[in-house]
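Welcome to this short briefing. Please have a look at the sequence and the model below, and then read on for a guided tour.

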Amino acid sequence: MKKDWNEKMNKIKRILMLVLCLALLVQTVPIDAKKSKNKNKNYWPKQSEKITAGAALLMDLDTETLLYSKNIDKKYYPASITKILTVLLAVENSSMDEIVTFSEDSIYKTGGSGIARDVGEKMTMEECLYAVMLESANECAYAVAEHIAGSLNKFVKMMNDRAKKIGCTASHFVNPNGLPDKKHYVTARDMALIAKEAYANETFRLFCGTKRYTIQPTNKHKEPTYLLNHHKMLYPNETDAYLYDYCTGGKTGFTVAAGSTLVTYAEKDGMSLVAVILKGSSPQYWVETRALFDYGFENFNLCNVAEYAENENTNADEETKYDTLNTNEPYAQIDPQAKIILPKTVDFNKTTMKVNYDDLPKNVLAELEYNYGKRKIGVAHVIRTNATVDKNNIKTDDLEEHEPDTQIDQKNNEESENQLKKEADTPFFEKFDSKEFFSDIPGHMLDLFEMMLSNGIIVIVCIVIVILLLILFIYRTLFNRSYVLRQKIARRKSRKRERKQYITIYDTHNTRRRRRRKR
């Protein structure tokens with residue numbers, strides 16, 4: 001009976017152990033699968049919302065990393081988002097208090113949206129640019145272009161040159177307002193670069209983020225003109241259904257040929273993003289822009305390169321750490337403002353880095369390009385600090401090629417001996433430098449004293465001083481105690497005075513005699 005009972009108990013134990021192992025296995029499999037996604041170097045969060053626009057793009061402004069892209073190199077008509085480049089050029093090439101006069105061409109060669117200006121009307125540049133950004137005024141964009149460049153063609157050339165300088169490669173402009181033309185087109189990638197360049201300008205940010213503005217009466221309009229921003233994610237113009245709390249500005253556009261176009265800026269948790277929509281439809285493009293921003297803010301983080309690099313150094317092996325007794329300031333450092341962007345589930349150590357030394361800005365020693373998989377996720381500059389390099393503190397371990405320690409010590413000893421011999425053979429007055437001497441008098445006086453002491457001159461000087469003091473002491477003693485000596489000195493002084501008086505009297509007598517003879 002006992003044997004049967006023991007066998008049954010063993011079977012039960014085996015079954016329980018098997019069930020427990022299966023339970024543990026079931027729990028660990030999903031976790032391992034989730035982690036395996038993050039181990040993939042090409043892992044990138046997917047945008048769940050369907051984007052119906054012809055082209056769409058979401059870019060981080062700090063790193064220029066493309067978080068989402070659709071047909072970003074395909075050419076489309078931009079419509080009024082062209083005015084972003086127009087306003088950027090105006091801000092860079094004029095002052096806001098300049099007076100813009102509207103020509104006949106600016107009034108009669110523009111159609112579409114506007115604020116009903118008249119020929120010869122005068123407005124400040126600031127008022128014109130607010131009208132361009134808030135009400136998308138085509139005649140104001142035309143008048144601004146003529147004012148800055150002198151003619152429309154010259155301004156168009158400025159637009160294309162500026163776009164090329166920004167880095168645009170597949171876009172072309174023929175007017176400042178975005179009215180339809182076969183030769184007027186952009187790509188979503190180029191439009192994002194233009195939007196980034198403009199947003200870096202503080203004055204432009206003021207224009208694109210303003211919700212309302214009032215133009216004061218002009219020489220043609222006695223009543224003020226009220227402007228409202230048409231970007232529904234920033235200002236509830238007609239409806240508040242599309243307001244977005246993190247929106248900081250943008251520009252709308254629409255023509256039949258271009259469809260609905262939209263450039264929008266948003267900031268949240270230290271991240272600044274720009275979304276571009278081309279060939280979209282209203283009101284869907286508001287919803288899709290919001291979906292792009294939610295995707296970006298929820299799935300990505302900005303990483304400060306300097307902080308992560310410092311953490312890696314602190315976690316390094318003891319052999320690679322800096323000497324704790326070394327208090328010297330580093331000669332170079334990673335730019336404290338440099339950032340890269342990564343998915344929230346990806347660690348910094350999953351990135352790869354390339355070093356570039358060509359075509360660097362001033363005070364930049366190297367450029368560190370960070371990549372995650374095949375994506376460029378940011379750049380960090382290695383910049384100079386205010387520290388100076390002390391050659392005496394350079395460690396031989398840090399050199400790529402160095403001599404053995406015994407050879408280095410022997411070489412240093414020989415150099416120091418040669419220097420001492422050279423200083424000993426050089427006369428003191430040849431080594432004397434007045435500027436250097438007077439800049440540090442105490443130090444040089446101490447050096448002079450040590451040199452005199454080492455050469456025995458100080459002993460001679462001391463003997464001479466003692467002798468002079470002794471003679472002075474003897475003289476004063478004799479003078480105070482000897483009456484005869486004092487009398488002799490007093491007589492000499494009186495004789496000198498008498499001689500001077502006699503000479504004076506004799507001279508006066510002779511002059512009188514000469515005068516009498518002349519008479």
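Which element gives the largest share of the lining of the second largest pocket? The answer is β15, with 5 residues. This is a predicted model, in which local features need pLDDT of at least 70 and side-chain atom pairs count only at pLDDT 80 or more, while totals for chains, interfaces and linings use all residues. Residues are numbered from 1 along each chain as its sequence is written, and side-chain values use heavy atoms, with hydrogens and water left out.

**The chain as a whole**

- The chain holds 16 helices and 15 strands; these are DSSP runs numbered from the N terminus, with helices being H or I of at least four residues and strands being E of at least two.
- Of its 519 residues, 34% count as buried; buried means under 20% relative accessible area, exposed means over 50%, and partly exposed is in between, using a 1.4 Å probe and protein chains only.
- Among contacts (heavy atoms within 4.5 Å) with a separation of 6 or more, 60% are accounted for by residues 24 or more positions apart.

**The second largest pocket**

- Rolling a probe the size of a water molecule over the atoms shows where empty space is left.
- On a 1 Å grid over the protein atoms alone, a pocket is an open set of points where a 1.4 Å probe fits, with protein on both sides within 12 Å along at least five of seven lines; lining residues have an atom within 4 Å of a point.
- The second largest pocket has a volume of about 540 Å³, where a volume is the space filled by probe spheres set on the points, and grid points are joined across faces, edges and corners.
- Its lining is made of 27 residues, and Thr-63, Glu-64, Thr-65, Leu-66 and Lys-376 lie nearest its centre.
- Two or more lining residues come from each of β1 (55–60), β2 (66–70), α7 and β15 (375–384).
- Sorted by class, the lining has 13 nonpolar, 6 polar and 8 charged residues; Ala, Val, Leu, Ile, Met, Phe, Trp, Tyr, Cys and Pro count as nonpolar, Asp, Glu, Lys and Arg as charged, and the others, Gly among them, as polar.

- Helix α6 (residues 152–166) has 15 residues and should span 21 Å at 1.5 Å a residue, which agrees with its end C-alpha atoms being 21 Å apart; the expected span is 1.5 Å times one less than the number of residues.
- The buried residues of α6 include Leu-152, Phe-155, Val-156, Met-159 and Ile-166.
- Seen down the axis, the buried residues of α6 fall within an arc of 160°, so they line one face of the helix; the arc is that of the directions from the helix axis to the C-beta atoms.
- Turned away from that buried side is a face with the exposed residues Asn-153, Lys-154, Lys-157, Lys-164 and Lys-165.
- The cover over the buried residues of α6 includes α2 (83–93), α5 (138–149) and α7 (188–199).
- Just after α6 comes Gly-167, with a positive phi of about 125°.
- In the loop between α6 and α7 you will find Asn-177, which counts as buried at 3% relative accessibility.
- Asn-177 and Thr-86 are 91 residues apart in sequence, yet 7.6 Å apart in space, C-alpha to C-alpha.

**Helices α7 and α9**

- α7 is mostly covered, with 9 of its 12 residues buried; among them are Met-191, Leu-193 and Tyr-199.
- Helix α9 (residues 284–299) has buried residues that include Tyr-285, Trp-286, Phe-293 and Phe-297.
- Those buried residues of α9 pack against β1, β2, β7 (247–255), β8 (259–268), β9 (271–280) and β10 (300–304).

**Spots to look up in the backbone**

- A cis peptide bond, with omega of about 5°, joins Ser-282 and Pro-283; Pro-283 is in the loop between β9 and α9.
- Glu-238 is not a glycine but has a positive phi near 80°; this residue is exposed, with a relative accessible area of 75%.
- Asp-269, in the loop between β8 and β9, has a positive phi near 55° and is exposed at 71% relative accessible area.
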